[in-house]
Amino acid sequence: MRILIAVLLLLGPILGFSDQAMGREHTKETPPAESFWPGPSLSGSWYDPSRSGEGFILEYMPDGTVIMAWFTFPAVGAPGQQDWLMAEGGRFQGNRLVFDQVYTTRGGRWGAAFDPAQITRALWGTVEFAFLDCNQATVQFSGPASHGSGSMNVQRLTAIDQLTCQGPRDINASGSRALSGLRATSGVWFVANRSGEGWFLEELPDERLVVYWFTYDPQGNPAWFLGVGARVGDRVVIDNMHVSHGTRFGSAFNPADIRRTLWGQLDITFVDCTHFNATHDSVLAGYGSGSHAAVRLSRLAGSECIDGTPQTITQGSWSEVASMPGPAQSELDAATLDGKLYALGGFGDTRGFKRYDSTSGQWSVLPALPSGRHHLSAFAFDGGIYYAGGEPSGGGESGSSGYRYDPPTNTWEARPEMPFTFGSRAAVSNGRVFFGVESGDLYEYDPRQRIRRFIDNPDSTARDHGQVQAFLGEIWLIGGRSPETRSVSIYDPATETWRAGPSLNRARGGFGATVVGQQLIIGGGENIGGIRVLVPSMEMIAAGVSNWSLGPNLAVPVHGTAAVTLDGRVYFVSGSTEAGAACCATGRLLAFDPADP
């Protein structure tokens, strides 16, 4: 991974920023620290008010890890006026966030003298956050002899637009996310041939943009500049980029000694979600003026940026690819990993485990599931295939609720800490897995820590045979029974709140669901509340759109199917052709290719 060097000057009080201006959120009543699960809303800037002038940026990444940058000052006796430390791959241990490898970076020079090949990183030490709630944490660090070790109490300085602990998101009247909230530019940006310096952007809820520029001074010392400007359309002009100096690290730090110097102007124009053009004009000797064509290096978990105005795609073409090796299955589940489709369990072959390679068009039979199941939930995570829950059937072990398959070793391992749910699927989002419960509630599971928690849904709609999907940073609980329902309930992991989503056009349970591109697609299912009938239609909803649209029928109407996406194609895996029955699995693999009208 490219070097991520993010530098932030936490000078809210010194620069005259109020809590409201910097987007800070005040503490609210929260569960005890040991029950607090840090989530996407922790992204932002943090500092110790007694040490204003240094602090941290945290970026909660879409894979559930965290990037940290510590913006501070050199140790006593070290050269330069500023310094930063950085770390990637931060992992959670309960309410603690641990960085085992924090680095210091050297070798750069400002402007034309910058050479990415000269950038070097040296291991500095460790940093650990313990979160009391969404707005408060303690920090412990251990560095080299020049820096020592210590602790501090930090609080949130900035909250990111659309990711604040208390909300709100921009929402359509139907409950879906509005397009205005799907234009996020927060994250790390850099010039592609200048890896080792760049910008860290934070969008505040009041439509202002905080810009932290991390680079080097003309003498080759780390340097960082800060500015805040209002975003007008696609442009942000910051007239007051500042640089700070005057103090040293650790016990030598004195906020009263910090001096701010006007650095100059920065003018940013966003081209799209992944590019911006910028110019700078510095008033300090040695920096001059120049232009920059930047690309995006990171985005925050739960933060979406979508170009243009998506339209729901309801048309497409069907094709049939290779049928599964027998026996055929229904009420199975499927997952994708490294460009391959895995089908697991179900009536007809409860211990069946099969893999489809879309490149060769061939299926292969893998080691049988350790515990036969139907109505199970499967997902892929960190190089493995997992399954949990369902109804034990067909032999094998019975003592564990879940298992993990390791493709390199072709072996299974028990995961007894996973929840034992039935008939409602699972979705992976931001390094966590969300399992649907028949009651319409959720389990949140952390596969890295191997812990789980229950999330109560105030909506009492039962969702047996419903679908759970991760879409636009949120968890959608779709349809289900009893009886079959058109309703949708949405859980926001950032705010840990629920709301009603856009209703389906057809009530259904036992259907397939997947996300392809910028839209969510469901298809098939059944309604067994009266006369047992299949529901053959598909429904689609695009990002930013208010309501579901009906699409074509499945090529073969089924219930108890599984749907996945590979390379822009939607695959519906087997399923039963008789409503309410365990028989009649097709074993067919049908592909739908969405197409613009």
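Modeller: Before we start, one term: strands here are DSSP runs of E with at least two residues, numbered from the N terminus. And keep in mind that this is a predicted model.

Biologist: Got it. Which strand is Phe129 found in, then?

Modeller: Phe129 sits in strand S6, which covers residues 120-131.

Biologist: Is Phe129 buried or exposed?

Modeller: Phe129 is buried, with a relative accessible area of 0%. Anything under 20% counts as buried.

Biologist: And what does Phe129 touch, leaving out residues up to four places away in sequence?

Modeller: Quite a list: Phe56, Leu58, Met68, Asn95, Arg96, Leu97, Phe99, Ala137, Thr138, Val139 and Val154. Take Met68 from that list. Met68 and Phe129 are 61 residues apart along the chain, and their C-alpha atoms are separated by 11 Å.

Biologist: How many aromatic pairs does the structure hold?

Modeller: The structure holds 50 aromatic pairs. One of them is Trp189 with Phe270, an edge-to-face pair at 5.8 Å centre to centre and 65° between the planes.

Biologist: Where do Trp189 and Phe270 lie?

Modeller: Trp189 is in strand S9 (residues 187-190) and Phe270 is in strand S14 (residues 259-272), so the pair ties together parts that are 81 residues apart in sequence. Trp189 and Phe270 are both buried.

Biologist: What about Tyr405 and Trp412, how are their planes set?

Modeller: Their planes are at 50° and the ring centres are 5.3 Å apart, so that pair is tilted. Tyr405 and Trp412 are both buried.

Biologist: Let's zoom out. How many helices and strands does the protein chain have?

Modeller: The protein chain comes to one helix and 44 strands.

Biologist: And what's the radius of gyration?

Modeller: The protein chain has 26 Å. A compact globule of 597 residues would be near 25 Å, so the two agree. Along its principal axes, the C-alpha trace spans about 80 × 50 × 50 Å.

Biologist: How much of the chain is buried?

Modeller: Buried residues make up 58% of the 597.

Biologist: What about contacts between residues 24 or more positions apart?

Modeller: Those account for 56% of the contacts with a separation of 6 or more.

Biologist: And the charges, how far apart are their mean positions?

Modeller: There are 44 positive and 59 negative charges in the protein chain, and their mean positions are 2 Å apart.

Biologist: What's the phi of Glu207?

Modeller: Glu207 has a positive phi of about 70°, although it is not a glycine. The loop between strand S10 (198-203) and strand S11 (208-216) holds Glu207, and at 60% relative accessibility Glu207 counts as exposed.

Biologist: And Asp338, where is that?

Modeller: Asp338 is in the loop between strand S18 (333-337) and strand S19 (340-344). Its phi is near 50°, again a positive value in a residue other than glycine. Asp338 is exposed, with a relative accessible area of 66%.

How values were computed: Residues are numbered from 1 along each chain as its sequence is written. This is a predicted model: local features need pLDDT of at least 70, side-chain atom pairs count only at pLDDT 80 or more; totals for chains, interfaces and linings use all residues. Side-chain values use heavy atoms; hydrogens and water are left out. Helices (H or I, at least four residues) and strands (E, at least two) are DSSP runs, numbered from the N terminus. The radius of gyration is taken over C-alpha atoms; the globule rule is 2.2 Å times the number of residues to the power 0.38. Buried means under 20% relative accessible area, exposed over 50%, partly exposed in between (1.4 Å probe, protein chains only). Contact means heavy atoms within 4.5 Å. Lys and Arg count as positive and Asp and Glu as negative; His and the chain ends are not counted. The place of a charge is taken as NZ of Lys, CZ of Arg, CG of Asp or CD of Glu. Rings of Phe, Tyr and Trp (its six-membered ring) pair if their centres lie within 6.5 Å; planes under 30 degrees apart count as stacked, over 60 as edge-to-face and the rest as tilted.
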